[in-house]
Structure formats: C-alpha cells, structure tokens
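This report walks through the strands, helices and chain contact of one model. Please keep the sequence and the structure in view while reading.

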Amino acid sequence: MIAIIDYGVGNLFSLSSSLKKIGVQSVVTSNLKVIERAEALILPGVGAFGDAADKLRASGLADPVRQLAKDGKPLLGICLGMQMLFEKSYEYGEHDGLGLIAGEVRPLADYISNLKIPHMGWNSLNIKIDGCPLLKYTREGEYVYFVHSYCGVCRDKSNLVATTEYGTDVTAVVAKGNIFGTQFHPEKSGDAGLKILKAFAEMAR
Amino acid sequence: MLAKRIIPCLDVRDGRVVKGKNFEGLRDVDDPVRLAAFYSQCGADELVFYDIIASSDGRKLFTEVLRNVAENVFIPLTVGGGINNLEDFDRVLKCGADKVSVNSGAIKNPSLIGKAAEKYGNQCVVLSMDVKRVDGKFKVFSHGGRIQTDIDAVEWARFGQENGAGELVVNSIDTDGVKGGFDIEMLQAICAEVTVPVIASGGAGGINHFIDLFKSVNVDAGLGASIFHYGETDIKDLKMRLKEAGIEVRI
C-alpha cells in the first residue's frame, strides 16, 4: 500500500487513478497511523512553496514524513513535492523545506532568458546517472510532462539523476537512497510516467 | 527540448462528442471516454474537453463523463464550458481536470481570472478566446462564438496574461471548421504581445496546416477536432511528419 500524503494541496485524483491503472493499491490520507503503516509514500504538491510548506507543517506531517524517509521508507516527491525535499526555496521569500536533499529551489528565470515561463509541456529526459531504481524502465530521451517556474538545484551532484534541457539543464529527477523526486508529473506523462510510478511501487515493501 | 503539443479537442454535448462547421450544425461523433483513451494511446499530448453550449444555456458539464475520462487518461486534461466562478473551477478540478479554461465567464467577470490564479495557480488557469475579424479588427466573441463583444482580442490576451492566465487558447471563428488552415495572421498578432504559452485553434484540415503553423508562429500547441475525430488525420502520422519537417514533437 502506497500512501499519497494529503495536506490540502493539489489535485490527487489523477495520481490515485494512475496508480490504480497499474494495479497498485494506494490511499490518499493525512492520517499519521496510515502513513506509518504504508510501504511507501508519495508527497504531491502544486501551487506556491511557502503555502504548501506551511500546510505540511500545520498538518503535523512534516517531521514524521522526514523521519520515516530517513528510516528508509521509500518516498517520492512530485513537482512541488520534489522541491520540498530540498533545504530551502526562494519562491516569494525564503522558506524551509524538508532538507532531505542537499540544495535549494530557485526561480527558473535566474538561469534562462528568452524562453517562456512557466516551463510547461512535454520535455525529454537526459539521464545523468545510470542505475537509479526509479528509472528502471525509463529510456534516455523519453518525454514527460512539466509545469513549473522554479527549479531544484542540487548541491551534491550525485543526487542529480536526470535533467531536461530548457535553456539550461533543469533538474528533472533527484534521488538519494530511498528518497526520490520528479519535477515533472508522472501521473500526467502517459506511459512514460506510468513506468516511473511502477518502478517506485516496486520499491514498496 | 520542449516539444510542440498536438491537442485533440472534444466538444461535448449530452455526454457525446460533437463538432460542427463554424459552430453550427453539430454532428455526433463518439463517446468521449472512448475517444479520449484512444487519443492518448495515439500520442495526443493533451486533451481539451469543452461543453460548448454550457455558457449559453447555463448547463453544467457532465462531471461523471469527466471523471471517467480522468480515470483512464494520464495526460494533461483541460476542461472548459460553463466556468463562471470559483465553484465551477473546484467542481471540475475535483473530477480530475488539470487546467480550467474560462471564456464567456471571464468576459462577464474579468476578475475571475485573477481570483482563480491566486487560488489554484497560474498553471491551472487557461483563458480561451473566440476571435473573429470585424471591420478589419480582431474582436472577441462570447457564448460559443455567437455574441460579439467590444473587446479587442490582442488587448484581451494581454489582460489575461497580466491577471494570471497561464496559457491561452486562441480560436479563430473565421477559420473554424473550414479546414483551410490555421489563422496565422491572427495568431501572430496575439503571440507578439504575450509570453505565456499559446494554443492555436480553428482551421486544421491536414498535416501541412500544422507544419505551416509551427513554422510560421511561435505557438506551443495546435488544437484540432474534426480532423482527428473522423480519422482523416492520424496523430502518429502527423507527429512523424512534423518531426521530418524539423519540428520537435514527442513520439
């Protein structure tokens, strides 16, 4: 059973439907007991970082989720959920993240010019580190669906598993042991996305 | 590199997909859930799902159909038709929509764009506009293209972007359903004034029209309805031809 952490941010319908489609049991929940019992966790998120981080803390789930991840439970952050794995974000001010991945979240506009922001649409993956279990079924160059205006910047390049090219190398997948994040939405990336969710579900134990 | 998107549009009435020439004489095509799943398998990059007569008779979208589509299709889904307030946004987002498109609702109440962007984020708010030439000027029409407003299309596009619309769907009434190609001139006029992604709509009749579109204007996506519904153009073939023409697409 995978727990999709519900802290009042974003649309979780597609995520739970896509897991159902690949035959994976999941539950959308804010109940700590359910989260503790789950074999793996997904941290979703859309919207602004500060607001989402506040909501996650207010729900009382931030510390337990961080601890469960440190104890080895597979965790997948999606989109803003990936950004929240970092130490801090500079989206409208300065906000603390979960600090599970070394680095910070900065405006795409700091790195690119003459391109539309948000970075919205299908873009291809450039795999930087082979052997990441999340990308077990993913080939170099597969397209996935992005919607974001801020990007994660890894301090430790060994955490940067895949990037996508949008004026610069934009962080697409991060990983550190049992902790994973995708800037794109696997639940909206067709078959390419379902394969990534399948690989994650296989880590659940 | 970011791919240009191909987007089939499903205009829905009474739970069925319809498409007419110049918005009149609607013809039944197919079951929206089946058609949506089929398109997703063929490589459609996104789907737009409109209740095209909702704004004129106040009818709400059939959320059950929407929910069924969202349960089976894992590509971005934009929903429009009858979106007049934040409750309408909420209603369709809960059924699995990723983006919500406002048209007549924003003409009636322009502050809806900003309010929705603040609540759901810019990426969620799509401003859809039906545009037609009137005395040589591009004017916005409301109510499924039936009622002319005084609004200048380029100014409306700019207003939408400034108030938080994350994307624009620009539909040319002049070329809609005619299958003579996209309205390049009108799209150029709008793209010159905005930086958010623009989806071109109205006039796709063949593969060459999409090649012309992407070669001539910096739009992000091309939308088509009847060209895909009647099987005249296969999305896989279309994308192969775009790729051969040097246009970045997801294959």
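Predicted model: local features only at pLDDT ≥ 70, side-chain atom pairs only at ≥ 80, totals over all residues.

Two strands are taken to pair if DSSP finds at least two bridges between them.

## The four-stranded sheet of chain A

The strands concerned are S5 (residues 86-89) and S7 (residues 101-107) of chain A, which run parallel and are joined by 3 bridges. They belong to an open sheet of 4 strands in chain A, whose order is S6-S5-S7-S11 and whose pairing is mixed. Strand S6 (95-96) and strand S11 (150-154) of chain A stand at the edges with a single partner strand each, so one side of each is left without a neighbour in the sheet.

The peptide bond from A:Ile117 to A:Pro118 is cis, with omega near 5°; as background, most peptide bonds are trans.

Strand S1 (residues 2-5) of chain A runs parallel to S2(A), to which 4 bridges join it, and A:Ala3 has A:Val27 in S2(A) as its bridge partner.

## Chain A as a whole

In total, chain A contains 6 helices and 14 strands. Its radius of gyration is 15 Å, close to the 17 Å that the globule rule gives for 205 residues, so chain A is as compact as a globular protein of that length. The C-alpha trace of chain A spans about 45 × 35 × 30 Å along its principal axes.

## Two helix pairs in chain B

In chain B, helix H1 (residues 32-42) and helix H3 (residues 63-72) pack with their axes 9 Å apart and at an angle of about 25°. Because angles under 35 degrees count as roughly parallel, H1(B) is described as roughly parallel to H3(B), and the crossing of these two helices is right-handed. On the side of H1(B) the contact involves B:Pro32, B:Val33, B:Ala36 and B:Ala37, which meet B:Val65, B:Asn68, B:Val69 and B:Asn72 in H3(B). By class, the residues of this contact between H1(B) and H3(B) are 6 nonpolar and 2 polar, with no charged residue.

Helix H9 (residues 207-216) and helix H11 (residues 235-244) of chain B form another packed pair, with an angle of about 40° and axes 10 Å apart. That angle makes H9(B) oblique to H11(B), and H9(B) passes H11(B) in a right-handed crossing. The contact is made by B:Ile207, B:Phe210, B:Ile211 and B:Phe214 of H9(B) together with B:Asp237, B:Leu238, B:Arg241 and B:Leu242 of H11(B). The residues in the contact of H9(B) with H11(B) comprise 6 nonpolar, no polar and 2 charged.

## A hairpin in chain B

Strand S8 (residues 137-142) and strand S9 (residues 147-152) of chain B pair in the antiparallel sense over 3 bridges, and B:Lys139 stands opposite B:Asp152 in S9(B). The hairpin that S8(B) and S9(B) form has 4 residues between the strands, and in it B:His143 takes a positive phi near 55°.

The loop between strand S7 (125-134) and S8 of chain B holds B:Asp135, whose phi is near 50°, a positive value in a residue other than glycine. For context, most residues other than glycine have a negative phi.

## Where the chains meet

How many residues does each chain bring to the contact between chain A and chain B? Chain B gives 24 residues and chain A gives 24 residues. On the side of chain B that touches chain A, the elements that give two or more residues are H3 and helix H4 (86-94) of chain B. That side of chain B divides by class into 10 nonpolar, 6 polar and 8 charged residues.

Key:
Residues numbered from 1 in each chain as written. Chains lettered and ligands numbered in written order. Axes fitted to C-alpha atoms, helices over the stretch in contact; angles between N-to-C directions. Parallel < 35°, antiparallel > 145°, perpendicular 65-115°, else oblique. Left-handed = near helix turned anticlockwise from the far one by under 90°. Contact = placed C-beta atoms within 7 Å. Nonpolar A, V, L, I, M, F, W, Y, C, P; charged D, E, K, R; others polar. Rg over C-alpha atoms; globule rule 2.2 N^0.38 Å.
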